[in-house]
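Me: I am new to this structure and would like to learn how to read it one feature at a time. Could you give me the general idea for each feature and then the case here?

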Amino acid sequence: MPTLPSAPIAAAGLLGGYATARFTKNRRLGGAVLAAAATVTHLQWRRTTTPRTATALTATYLTAFGASHPLAKKLGAWPSVAVVTAGAAGAAWVVSDRRRK
């Protein structure tokens, strides 16, 4: 069964999670979006890479989420989310997606 590249899913999780939390004023709902994307991407990475690589990519995704908070104090909320999203999605593309056939 064909799958979507993981980088857009990771990006949608980070951007969509933040947007959901901000516009609904419900942080838990935003966290649910973030967690759903993390689960989907982790499962996909387990199928397309090694378990160690899948864990490292998932850790990168979650670290990006965590890093966006202190970075937002310096850059602002949306620019911070954009920067960490680019990093996490870029890592997903380099490590997993560009090797897809």
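Reply: Let us start with the elements: helices (H or I, at least four residues) and strands (E, at least two) are DSSP runs, numbered from the N terminus. In this structure, Trp78 has its place in helix 4. Please keep in mind that this is a predicted model, in which local features need pLDDT of at least 70, side-chain atom pairs count only at pLDDT 80 or more, and totals for chains, interfaces and linings use all residues. Residues are numbered from 1 along each chain as its sequence is written, and side-chain values use heavy atoms, with hydrogens and water left out.

Me: Is Trp78 buried, partly exposed or exposed, and how are these words defined?

Reply: Buried means under 20% relative accessible area, exposed means over 50%, and partly exposed lies in between, with a 1.4 Å probe and protein chains only. Trp78 has a relative accessible area of 34%, so it is partly exposed. In the same helix 4 we find Ala86, which counts as exposed because its relative accessibility is 52%.

Me: Which residues form a nonpolar patch with Trp78 on the surface?

Reply: Patches are made of residues with over 30% relative accessible area and no salt bridge, where like charges are joined within 9 Å and nonpolar side chains (Val, Leu, Ile, Met, Phe, Trp, Tyr) within 5 Å. A salt bridge, in turn, is a side-chain nitrogen of Lys or Arg within 4 Å of a carboxyl oxygen of Asp or Glu. Accessible areas come from the Shrake-Rupley method with a 1.4 Å probe, and for residues only the protein chains shown count as cover. Here Leu15, Phe23 and Trp78 form the patch, with about 310 Å² of accessible area together.

Me: What makes up the largest nonpolar core?

Reply: A nonpolar core is a set of buried Ala, Val, Leu, Ile, Met, Phe, Trp, Tyr and Cys residues joined through side-chain atoms within 4.5 Å. The largest one has 10 residues, among them Ile9, Leu14, Leu34, Tyr61 and Val84. At least two residues of this core come from each of helix 1 (6–24), helix 2 (27–48), helix 3 (51–75) and helix 4. There is also a second, separate core of 7 residues, including Ala7, Ala54, Leu57 and Ala92.

Me: With which residues is Gly13 in contact, once its neighbours within four places in sequence are left aside?

Reply: Contact means heavy atoms within 4.5 Å. Gly13, found in helix 1, is in contact with Val33, Leu34, Ala37 and Tyr61 when those neighbours are left aside. With 2% relative accessibility, Gly13 counts as buried.

Me: Where is Ser96, and which side chain does it join in a polar contact?

Reply: A polar contact is a pair of N or O atoms within 3.5 Å; within protein, one must be able to donate a hydrogen and the other to accept it, and residues adjacent in sequence count only if both atoms are side-chain atoms. Ser96 lies in the segment after helix 4 (77–95), and a polar contact of 3.2 Å joins its side chain to that of Thr48. Because its relative accessibility is 5%, Ser96 counts as buried.

Me: What is the phi of Lys25?

Reply: Most residues other than glycine have a negative phi. Lys25, although not a glycine, has a positive phi of about 60°. Lys25 sits in the loop between helix 1 and helix 2, and at 74% relative accessibility it counts as exposed.
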